[in-house]
Amino acid sequence: YIHIINKADMAASKGLKILVGCKRVIDYAVKVRVKPDRSGVVTEGVKHSMNPFDEIAVEEAVRMKEKKLAGEAVAISVGPPQSQETLRTALAMGIDRAIHVEIPLAQLEKLQPIHVSKLLAKVCESEKPDLVILGKQAIDDDCNQTGQMLAALLDWPQATFASKIEPSQDSKQLRVTREVDGGLETIDVSVPAVVTSDLRLNEPRYATLPNIMKAKKKPLAKMSPDQLGVDLQPRQEVISVEDPPVRKAGAKVESVEDLVGKLREKGLVK
Amino acid sequence: LLPQLLLRRRPAPAGAFALLARPASSASGGLPPLTTEIHPGIKRGAFSQLTDADLSAFEAIVGGDHVIKDADEVLSYNIDWLRICRGQGQLVLRPKTTEEVSAIVRHCNKRRLAVVPQGGNTGLVGGSVPLFDEIVISTSRMNSLLSIDPVSGVLVAEAGCVLEQLDREAASQGLMMPLDLGAKGSCQIGGNLATNAGGLRLLRYGSLRGTTLGLEAVLPTGQVLDCLTTLRKDNTGYDIKQLLIGSEGTLGIITKAAILCPARPKSVQLAFLGLDSFQAVLDTYRLARRSLGEILSAFEFIDSESMRAVKQNLGLSCPLGEHSFYVLAETSGSNETHDREKLDGFIESVMSMDGCATDGTVAQDAGQFAHLWSLRERIVESLLVDGYEYKYDVSLPLADIYRLVEHMRTRLDGRVIRTAGYGHLGDGNLHLNFTTPKFDAKVLELIEPHVFDWVRDRRGSVSAEHGLGLKKSQYIRHSKADFAVRVMAEVKRLLDPNGIMNPYKVLPDE
């Protein structure tokens, strides 16, 4: 699959079309509990919200629109019916329209980045975005795979862990600064491309009331994996999910003498 | 990995996730003046002086490690959280059990030694610290959670348990503590009961007078009063625990409490609105009560001066533009879809109402939720940065609430750094604060008794939730009939014949 865009000066063009991925995850402030049967974690009745890295991706897309680098921003979410709320949040932040690829509950738990990236690749075939921005990883599985897999499936360049996105010197490409172990790396990528957002890319805005109201009227299209012709057969089987080992409680002592006594007992001081 | 990084990128919210920081030394540098210097008229009562024999007796009761005599250590127990009081107590005792408290108090009563019960020391009216050489009895070591019944929702705890920790324990059983205040990381449940603390969610869950099912306390004679029932209904005789609730430590030391905890809400939503007149605030409140009804759990207002303090002094950012007023409307319920629908309805009404909020936001995740609440919860802290804070907490008819702020702002124009008004609008409770770089007696003269007289003339309360403590005891008759005050004095005499329990507080000197 090859998608070539007119390599005209980016500033003069109508602006990039951006596709942003949003995942609905357990809110980062929630204390996650393992199910008693150890098959997974408790999600029933637990507060969910947009994956924080995806919020950053949405914010970046909206900012690029405001800077006239982008013309249209579309949000997409692969998930259960409640993912619609996540998309409404994206719309309330300034995204133009949304796509919901609804996954039936039975298949949700077995959904893996390989499936999601295939679904996204299919959508890219019809939507033809110039730029796909995804969060670098989701805070529930920490996979950090979907963006990379998507780029490979589309044979597009990828710029992951982005902390800055701007037009390149000659305005014909995107210059992306990446967070790497050794510090920062700056690369130029041609569009179309896949970029994944890192923490320092931006600070997401609060959705304002007028935008929250407007979001209700923005288009939200529904699709199914069957329509997209993607097979969701699981490739992995979760055997068990467990809590990390509990830290053994320390002992509180009431005085310095007690402390020295206990240290002596344990043979840690003479 | 992720949670720490994510929390770092938002300003650290106080209250919910952190202990309320003690303010740095006041702008005047160093220690607050001795309370006896600010109130030279108060004379030390006819109490005995501490002797070595007393010290030995206390050491025998709590053990040498928990008798604190060292001047540096004792100093922190003598200074209140606002740093407007400094006592001259020489001794701090830290008992572990009710029996130890009872033995200490019995000894003090026999010897006529004055005592001050102290929990988290977060009180705002100087009620939790000594004035002269009263002995501080700290409940901090009495911090065991005794039981939680997930079916009835009854939680039984020792008085020294920190409120936020109790809330965490309750959360593990799907429950929550029925009160919430900015000091939650430091305040103790015993102190909350003793002061009948109100807080942010009184609007929804009611006051401690309703949610406290029972308590155990040591009376000033040293006798243990066991009213620690966990029954929801018990109409057998006079409800003596109600005397102790709100008595601010002057009728006894609460040692255990049984609290009825509501179910923890599954869905909590927060709307933050910018408004341009106080009338719009009142209209929004009426709208909230109509459209949000039974799920409304908090309704707070903040004026522009308070928001400026939080932004300038603490560096917090406000997601809305400049407005004269801001409102926080929180909902708590058991069904997210149902609550969001109601909130959407409320927002639509608010936006279509004439002159009402057009600027606002709804928290999209826990981080935004905590940040928006911090704009309200950290106002007190932010005002302290100015230097010296004069705090007032009054109940007024809703229409009068902001009139008082405007009136005082005009009266004190040019004499103070700022006049800030904010508070629990839903309860008719205004928090009114003035700040100056250092304590200024002339400014205090301009404020008191004028502000209390203004409130009295409109039949309000001169202390809605903070209590009288030391700072407001002389104004009790502004909100209570003289005969009522005399009956209170009789009760005090009955329970505390030697007057040793937290003297100089609550009831006026007579």
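Visitor: Over residues 85-264 of chain B, how many Å apart are the end C-alpha atoms?
Guide: The model is predicted, and in it residues 85-264 of chain B carry the label "domain: FAD-binding PCMH-type", which comes from an unreviewed UniProt entry. Over residues 85-264 of chain B, the chain is 23% helix and 21% strand, and the distance between the end C-alpha atoms is 38 Å.

Visitor: What share of the residues in chain A is buried?
Guide: Chain A holds 8 helices and 11 strands, and its C-alpha trace spans about 75 × 45 × 40 Å along the principal axes. Among the contacts of chain A with a separation of 6 or more, 71% join residues 24 or more positions apart. Of the 270 residues in chain A, the share that counts as buried is 45%.

Visitor: Which element gives the most to the side of chain B that touches chain A?
Guide: The area buried between chain B and chain A is about 2900 Å², with carbon and sulfur atoms giving 59% of that area. Helix H1 (2-9), H13, strand S13 (359-362) and helix H14 (366-377) of chain B each supply at least two residues of the side of chain B that touches chain A. With 6 residues, the element that gives the most to this side of chain B is H13(B).

Visitor: How many salt bridges are counted between chain B and chain A?
Guide: The predictor assigns the complex an ipTM of 0.79 and a pTM of 0.85, and the contact takes 30 residues from chain B and 28 residues from chain A. Across this interface there are 7 residue pairs in polar contact, both residues being at pLDDT 80 or more. The number of salt bridges between chain B and chain A is 3.

Visitor: Which residue of chain A forms a salt bridge with B:Glu348?
Guide: In this salt bridge the closest N and O atoms are 4.0 Å apart, and the pair crosses between chains, from helix H13 (residues 336-352) of chain B to the loop between helix H6 (209-215) and strand S11 (220-223) of chain A. B:Glu348 has a relative accessible area of 44%, so B:Glu348 counts as partly exposed. The residue of chain A is likewise partly exposed, at 34%, and its name is A:Lys216.

Visitor: How many residues apart are B:Glu336 and B:Arg340?
Guide: The side chains of B:Glu336 and B:Arg340 meet in a salt bridge, with an N to O distance of 3.9 Å. B:Glu336 is partly exposed at 21% relative accessible area, and B:Arg340 is partly exposed at 23%. Both residues lie in helix H13 of chain B, about one turn of the helix from each other, and their separation in residues is 4.

Visitor: How many residues apart are A:Asp96 and A:Lys65?
Guide: A:Asp96 forms a salt bridge with A:Lys65, and the closest N and O atoms are 2.5 Å apart. The pair links distant parts of the chain, since A:Asp96 is in the loop between helix H2 (83-93) and strand S5 (97-102) of chain A, while A:Lys65 is in helix H1 (residues 52-66) of chain A, and the separation in residues is 31.

Visitor: Which residues are linked with B:Asp180, B:Lys184 and B:Arg201 in a network of salt bridges?
Guide: Side chains of opposite charge can pair when their charged atoms come close. Over all chains, the count comes to 48 salt bridges. The residues linked in a network with B:Asp180, B:Lys184 and B:Arg201 are B:Glu330 and B:Glu377.

Note on methods
Residues are numbered from 1 along each chain as its sequence is written. Chains are lettered from A and ligands numbered from 1 in the order in which they are written. This is a predicted model: local features need pLDDT of at least 70, side-chain atom pairs count only at pLDDT 80 or more; totals for chains, interfaces and linings use all residues. Side-chain values use heavy atoms; hydrogens and water are left out. Buried means under 20% relative accessible area, exposed over 50%, partly exposed in between (1.4 Å probe, protein chains only). Contact means heavy atoms within 4.5 Å. Buried area is the accessible area (1.4 Å probe) that two parts lose on being put together, summed over both. A polar contact is a pair of N or O atoms within 3.5 Å; within protein, one must be able to donate a hydrogen and the other to accept it, and residues adjacent in sequence count only if both atoms are side-chain atoms. UniProt positions are given in the numbering used here, feature names are shortened, and annotations may be inferred rather than shown by experiment.
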